[in-house]
2 protein chains.
Amino acid sequence: MADPMYRQIADDLRRQIEAGDLPAGSQLPTELDLCDEYGASRNTVRDAIRLLITRGLVETRPGQGTYVVENIQRFVTTLIEDPETGRGGGEEGVYIAQVEAANRTPRNCALRVEIQQAVGDLAAALQVEDGTYVISRHQQRFIDSAPWSLQTSYYPMSLVNSHGATRLLEATDIPEGSVTYLGEHVGIKQTGYRDKIAVRPPDETEISFFSISADGLVPVFEVFRVGFDQNGNPFRLTVTVYPADRIQFAVNVGEVPT
Amino acid sequence: MADPMYRQIADDLRRQIEAGDLPAGSQLPTELDLCDEYGASRNTVRDAIRLLITRGLVETRPGQGTYVVENIQRFVTTLIEDPETGRGGGEEGVYIAQVEAANRTPRNCALRVEIQQAVGDLAAALQVEDGTYVISRHQQRFIDSAPWSLQTSYYPMSLVNSHGATRLLEATDIPEGSVTYLGEHVGIKQTGYRDKIAVRPPDETEISFFSISADGLVPVFEVFRVGFDQNGNPFRLTVTVYPADRIQFAVNVGEVPT
DNA sequence: GCAAATTTGTTCGTATGTATT
DNA sequence: CAATACATACGAACAAATTTG
């Protein structure tokens, strides 16, 4: 007995999918049919199917059946749009330009602005004391009315108190982008930034917003962007979360043809 | 009856974990204890635990019990080491420097060099006809004897036939890095590259090499790097796969303090 | 629109195998 | 070897979602 039976069944089905005997979009035999075919109980067949689900090969639709997943065309987000200016992708202006270029219509939901106390990683990223007040600006983004990303930017309150960046407190879009606003009106110029990209299982909010599997099988990308000003101090942390099954990141360095 | 029972049990346990009642590394009650506690059958309790596993909160050890996972310290790989030179992280020389800087010891396994025909995405990335022969150089990488990444680089055969880059065919390391070798001895200089980063479930080879859950619950990062020469033509495609639970990518743009 | 049939989802009980202590 | 704990597998029943007649 090398492999358990549910794994043998899963392997056999996987082979059929990869060989094209079960093409993308086609329906698998029903669970009861598979029971007959492999001489296994329904629970064992379901274990096999669950394995295929976690590997992203099939999906089940209650009342309908089990289907081979279609290949999702992953949308590409460029983290560095222009190596010359170093302007980052994912920010407001560039974000909209990218999306429209692909004949898609972006939409931003209402901003939610809050003031909270920075603790832990957030305080560390902004290099402020634990408990320092920060402004959080949270936004839901859609493409073609499909949920796309959850983004929250954090700014130290000192930008308002000491530098007069009062527009950060208003719950309205900053059309030119907050980085441009801070640079032109407040004298805080972003001279560099650092992105960190990780993957983790989704939480309840993300499962609900992105309409991904409630079993947490689809991970999410989490992009931390810390912006640094002309003095080398961090002045902004932006955390953006994307569903990992429908996105791809690109980084262009040097001369890259389009 | 809003939620099914196994989900209620999972939610309750998740709450205990997040509240710190079940700290990282601690053991959960055994399945039979949980059956008593919640008045559910063992199968239902196991369904609840499976949900926590897929969300990365707990892990089971046969014969021992179920434990709250320790937070993994994710190792950071920088995709752009130096914005001035634009030299990319993840390549041979830079890779070793990064690893040693963190007091870890890198190790490369024996190279495997093959000649194969490019089809589909591979041919498209290198901009060659389907069926063109390419050189593939495959390597397994370790850190502190722990599996770290699987990397395969593809080069068009024309680099050997027309440009005399014969060392690409030898199954030995190119210590200065193949990009440097091609630049200095063959006259193909890399003037830019494009990385694309995606996440997907692991295949059998990756599950075995990285020793990740056989259920495919831990996704893998897949980084495609296409290098372009001074004429804007692609001359190399490198595909690197990392386990997503122990890595994080960084991209530095502009002036970024260390 | 409704009822029946089909298909997957949830839950129980039970038994046996395998890994660890 | 024995005890403990998780892994696999079977059978059964009912619920919920969807399609079909």
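Start at DNA strand C and select, in chain A, H3, strand E1 (58–61) and strand E2 (65–68), then, in chain B, helix H1 (5–19) and H3; each of these supplies at least two residues of the surface near DNA strand C. Helices (H or I, at least four residues) and strands (E, at least two) are DSSP runs, numbered from the N terminus. Before going on, note that this is a predicted model, in which local features need pLDDT of at least 70, side-chain atom pairs count only at pLDDT 80 or more, and totals for chains, interfaces and linings use all residues. Residues are numbered from 1 along each chain as its sequence is written, chains are lettered from A and ligands numbered from 1 in the order in which they are written, and side-chain values use heavy atoms, with hydrogens and water left out.

**DNA strand C**

Show the residues near this strand, meaning those with a heavy atom within 4 Å of it. There are 24 around DNA strand C, and the closest are A:Arg42, B:Met5, B:Tyr6, B:Asn43 and B:Thr44. Of the atoms of DNA strand C that come within 4 Å of the protein, 66% belong to sugar and phosphate. Colour the surface by class: six residues are nonpolar, 13 polar and five charged. Here Ala, Val, Leu, Ile, Met, Phe, Trp, Tyr, Cys and Pro count as nonpolar, Asp, Glu, Lys and Arg as charged, and the others, Gly among them, as polar.

Next, look at individual polar contacts (pairs of N or O atoms within 3.5 Å; within protein, one must be able to donate a hydrogen and the other to accept it, and residues adjacent in sequence count only if both atoms are side-chain atoms). B:Tyr6 places a polar side-chain atom 2.9 Å from a phosphate oxygen of DNA strand C. For a base oxygen, select A:Gly63, where a backbone N or O atom is 3.5 Å away.

**DNA strand D**

Move to DNA strand D, which 25 residues surround; the closest are A:Met5, A:Tyr6, A:Asn43, A:Thr44 and B:Arg46. A polar side-chain atom of A:Tyr6 is 3.0 Å from a phosphate oxygen of DNA strand D. A:Ser41 has a backbone N or O atom 3.1 Å from a phosphate oxygen. From chain B, a polar backbone atom of B:Thr66 lies 3.4 Å from a phosphate oxygen.

**Between the chains**

Now select B:Arg14, in helix H1 of chain B. It touches A:Glu204, B:Leu52, B:Arg55 and B:Leu57, not counting residues up to four places away in sequence. Is B:Arg14 buried or exposed? Its relative accessible area is 19%, so it is buried; buried means under 20%, exposed over 50%, partly exposed in between (1.4 Å probe, protein chains only).

**Strand E11 of chain A**

Finish at residues 234–243 of chain A, strand E11: 10 of its 10 residues are buried, so it is largely enclosed by the rest of the structure. Strands pair if DSSP finds at least two bridges between them. E8 (residues 146–156) pairs with E11(A) in the antiparallel sense over five bridges, with A:Ser153 opposite A:Thr238. E10 (residues 220–228) is joined to E11(A) by nine bridges, also antiparallel, and A:Phe221 stands opposite A:Tyr242.

Technical notes:
Contact = heavy atoms within 4.5 Å.
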